Structures are given as structure tokens and as C-alpha cells.
Amino acid sequence: MTPNLLPEFIHGMPEVILVLWALVILMVGVFQKRSEREGIYYITFVGIGLTLFMIYSSFGNYAYSFNEMFKVTPFTQVMKGVVLTAVGAVFYMTFKHFPREQMNRFEYPVLALISTVGMMIMISANDLISAFLGLEMQSLCLYIMVSISRDRPASNEAGVKYFVLGALATAFFLFGSSYLYGFTGTTEFNGMAAVLANTSEVPVPIGVAFMMILIAVGFKVSLAPFHMWTPDVYEGAPTPVTAFLAAAPKIAGFVLLLNFVATVFTSHGSLWTPVLSALAILSILVGAFAALFQRKLKRILAYSSISHMGFALLGFLSLNAQGFENIFNYLIIYVIMTIGAFAALLTLRKRGQLLENIEDLTGLSKDAPLIALCMTVLLFSLAGVPPFAGFFAKLSVIQNAVSGEHYLAVVLAVLGSVVSAGYYLRVIKAMYFDEPVGGEHTMAVDKTIPMQTKLVLVMSTFLVTFYVLMPHLFTLEIGAYLR
């Protein structure tokens, strides 16, 4: 008798809708001229909105589907909502820039939606197989998106680098998964956790498996020392793609890491706590010190991302729900700041080209005072300067590390935050105080800035500025949902 699969698909309906919507866009795009592609982007927004509505309408459900490979909880639903909102915001502020960036192709929204489906599967993954499926759906689409500007050598080079290193990370994930399966006899997270709970000490194969999977996930979220691809890919990819890459995938990667830590390895905190502590410190320091020597804006944001991922990782150092809440509250604030920073970059052009270097920002405070003010607020927030949102985000994870008595990590994290302020202040100095090179004013503000980009920039600035008045807006209470 054929099993009834309808209940299984009902729990995965948001993902199913997004995949079907991507196929609709693919069919429509084939028959449209390039000059008529804007309608496809509006169809994309409808698909994202419909998926958000499906998640909202089923909020509060607990369910396991597809032989317990896929789980739905209020926590996974909230995180999917955050990912979809981030994807929608990035797409909204960038789609008017696609023709200029040589990426006005109907394949782009298809790839973006399928990559988003991969992130959503990663969030709901309850099995090594579904985790791998989500990881690769996300990654394979991102490889193509990074190199979608085929006439730009930098984009092609970034795509190749990302693909080669990403394939290596995939190999590590599969290698670690094979060790886990070989030792526990199952690929399901709860089943593996039950087997590992009966071991008093960490077996060598399990330690190897954890390190392999951590390398793979660390690559996806740009943790040092697995960050080598990040500066080159951020710089070489078209700016709209870099904004996409810098936001939503980080959240999906951290949720997957949380699944492994809080479910599979929950009984062996002595295994992962020192390792994650070392990665957090290394990421913060590498991101802080390496960015001091950068002149290109997107490379600075790349190293900033590495440093912020290290701060987010501090939330894992205390084995409690509050620490996990701090992680995702931090990531939500980070995504808002990052989207705003890239919105600011998209508003600035010189001779028809987006600005690349710090020196290009000289005189911005006179030519575009509002944009300069928004960038300053966002950079102060990224640096962790009070009273902006970034300060409270860093404070929460540092307090969590203190409660776990990880004092060395706290001291080095604060040091890294102080150092990182140097390169943020250098950008602000260029906008307000530096004189143009050679005395000639060459700053040019894009006079045709799309309204969508301006709106996202202003909203991001507003949220990080007035966070102190509405902190509960971003407070994600997940303690009751971690099961």
C-alpha cells in the first residue's frame, strides 16, 4: 500500500512553495527579453512574501517529517522567517542595480530562491543527509551567483576560488559524517545523541568527526582559519551578490552548528567548548588586525564579517539557552548592520562605477551628508560603539562568556573590538576630514539612486540607532524551543 506523503509535505510546504516559485520564474524568464526582466523580480518578492505567510500561518507547530530527517519547531520557523526577510531586503535594495552590474539575468532570482531553500533545509535539518542536502543546495547556487557577471574577470576568479575551497569543505563534511555514521550506526541527530550519551569519554572517531564537520560549517560562516575565501570573494563578486552572501547564509550556518552542538554533542561539552573558544578568539583577532591593512571597502567588510562571526561564537561558550539566544539576537543585529552597509555602498558611484577604496569617500559628507551620516551610524554600530545596536549585541555575548568564566576569551574579544574600531574610524575620517588626493574633488554621488536602496539604508540606520529604545524587538527567546 502506498504511504500517504501529504502530511510530510505539509510540514515542508514553505520550502515546496519556494521551489515551485523558482520554477515558475524559470519558465517565465525563458520567454522574456532582458529589457523586460523587472517583472520577474516583482514575482520573486511575491514568492518570498507567500512563503513568509505560510510560515506565519503554521507558527507554533512541532513536527518531524520524512522519517525524522526534517523538523519544524517555533525556533526553526522564526529563523526561516529571519532568513527570508534578509533575502527579501537584500533583493529589494539591489534588483534595480542588476543591469549596471551585468547580472540582469532571469537565472539570478531562480538561483537566489533555490539557495534560500537550501538555507531553510539547513535550519530544519535533523539528519546528516538533510543537512548535507541543504548545505549543497545553498552552496552550489552561491558559486554560480558569485561568478554571474561572466564578462568581469574578478567575478569569474572569485567564483572559481569559492567553488574550489567550497568543494574541499564539502569533502570535510562528508568525511566527518561518515565517521559519525560508522560509530553510531545512524544519521539522525537524536539517534546519534542517544548513542554518544552512553559514552563517558569522547571516542577518537567522534573527535575527528566533530572537527571535520566544524571545518565545513566554519568555512560556510567565515570563521578563522577557514576564512581564506572571504576577502577575495567579497571583493570579486558583484556588490548585490556580496550583500546576499554576507547576510542570510550566516544565520543558516549558525543554526546548523547549533543543531550539532545542542543535539548531537550535547553530552560532550568538554569536546567542543575549548575548540569553539579558540575559533572565536582567532576569528575576532584575525578580522580585527587583518582589516587594518586593507584599503578596499568590500575587503574591510569581509574581515569585519569574520570578526563578527567570532563574537557570535562566544555565545556557545556557556552551556545554556541564554547563550544560544544571544547568538541569534547578535546575528539578527549583524544582518541589519551589514545590509545597511552594503546599501550605502550601492548608493555611491564614480564615473559610473561603484566605489572600491577608502580614498574614494573623501568629501562624501559635503556631497551627500545624509548618506555619510547613515554610513557613520552603521560603522559605529559595527564597531560596537554605544548607544548603537552593535554595542548591545557584543555586550550580550561577552556577558555570556563571563558567566561561563571564559575570561581569557573575554579579554581578547574586547581587545579585538578596540582594534577593529581603528579601521571603521578610518572610513569615517575619510568621509568627514580627508582632503581629496591632489586637491581635486573627484567624489560623485549616484544621482539616480533607486528609492528601494535609500529606503533600506534609512531603515537599517533607524533600527540600529533606536535599538536602545526597543531592545525586545530583536529579542529571540528560544530556550523553550530547543528540543
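Guide: Let's start with helix α7: the elements that cover its buried residues include α6 (128-146), α8 (189-196), α9 (204-220), α10 (229-236), α11 (239-246) and α12 (248-264). Cover here is by contact, meaning heavy atoms within 4.5 Å. Helices (H or I, at least four residues) and strands (E, at least two) are DSSP runs, numbered from the N terminus. This is a predicted model, in which local features need pLDDT of at least 70 and side-chain atom pairs count only at pLDDT 80 or more, while totals for chains, interfaces and linings use all residues. Residues are numbered from 1 along each chain as its sequence is written, and side-chain values use heavy atoms, leaving out hydrogens and water.

Visitor: Which residues of α7 are buried?

Guide: The general idea first: an α-helix has 3.6 residues a turn, so residues three or four places apart point the same way. Buried means under 20% relative accessible area, exposed over 50%, and partly exposed in between (1.4 Å probe, protein chains only). In α7 the buried residues are Ser155, Ala158, Gly159, Tyr162, Gly166, Ala169, Thr170, Phe173, Gly176, Ser177, Leu180 and Thr184.

Visitor: What span should α7 have at 1.5 Å a residue?

Guide: The expected span of a helix is 1.5 Å times one less than its number of residues. For the 32 residues of α7 (residues 153-184) that gives 46 Å, and the end C-alpha atoms are 46 Å apart, which agrees. Just after α7, Gly185 has a positive phi of about 80°.

Visitor: Where else should I look at the backbone?

Guide: As background, most residues other than glycine have a negative phi, and most peptide bonds are trans. Ser222 has a positive phi, near 65°, and is not a glycine. Ser222 sits in the loop between α9 and α10 and is buried, at 0% relative accessible area. Pro225 is also placed in the loop between α9 and α10, and the peptide bond from Ala224 to Pro225 is cis, with omega near 5°. Another cis peptide bond joins Pro386 and Pro387, with omega about 10°; Pro387 lies in the loop between α17 (369-383) and α18 (389-403).

Visitor: How many of the residues of α10 are buried?

Guide: In α10, 6 of the 8 residues are buried, so the helix is largely enclosed by the rest of the structure. They are Trp229, Thr230, Pro231, Val233, Tyr234 and Gly236.

Visitor: How many salt bridges are there?

Guide: Side chains of opposite charge can pair when their charged atoms come close. A salt bridge is a side-chain nitrogen of Lys or Arg within 4 Å of a carboxyl oxygen of Asp or Glu, and the count here comes to 7. One of them joins Arg299 and Asp232 at 3.0 Å, N to O. That pair links distant parts of the chain, with Arg299 in helix α14 (residues 297-313) and Asp232 in helix α10, 67 residues apart. Arg299 is buried at 15% relative accessibility, whereas Asp232 is partly exposed at 28%. Arg295 and Glu359 also form a salt bridge, at 2.5 Å, N to O. Arg295 is in the loop between α13 (269-291) and α14, and Glu359 in the loop between β4 (353-354) and α16 (364-367), 64 residues apart. Glu356 and Lys296 meet at 3.5 Å, N to O. Glu356 is in the loop between β4 and α16 and Lys296 in the loop between α13 and α14, so the pair ties together parts 60 residues apart in sequence. Shared partners also join Glu157, Lys161, Asp232, Glu235 and Arg299 into one salt-bridge network.

Visitor: How many aromatic pairs does the structure hold?

Guide: Rings of Phe, Tyr and Trp (its six-membered ring) pair if their centres lie within 6.5 Å; planes under 30 degrees apart count as stacked, over 60 as edge-to-face and the rest as tilted. The structure holds 30 aromatic pairs. Tyr41 and Phe98 have ring centres 5.1 Å apart and planes at 85°, so they are edge-to-face. Tyr41 lies in helix α3 (residues 38-57) and Phe98 in the loop between α4 (74-94) and α5 (107-124), so the pair ties together parts 57 residues apart in sequence. Tyr41 is buried, at 2% relative accessible area, and Phe98 is buried at 0%. Ring pairs link Tyr41, Tyr42, Phe45, Phe91, Tyr92, Phe95, Phe98 and Tyr108 into a cluster.
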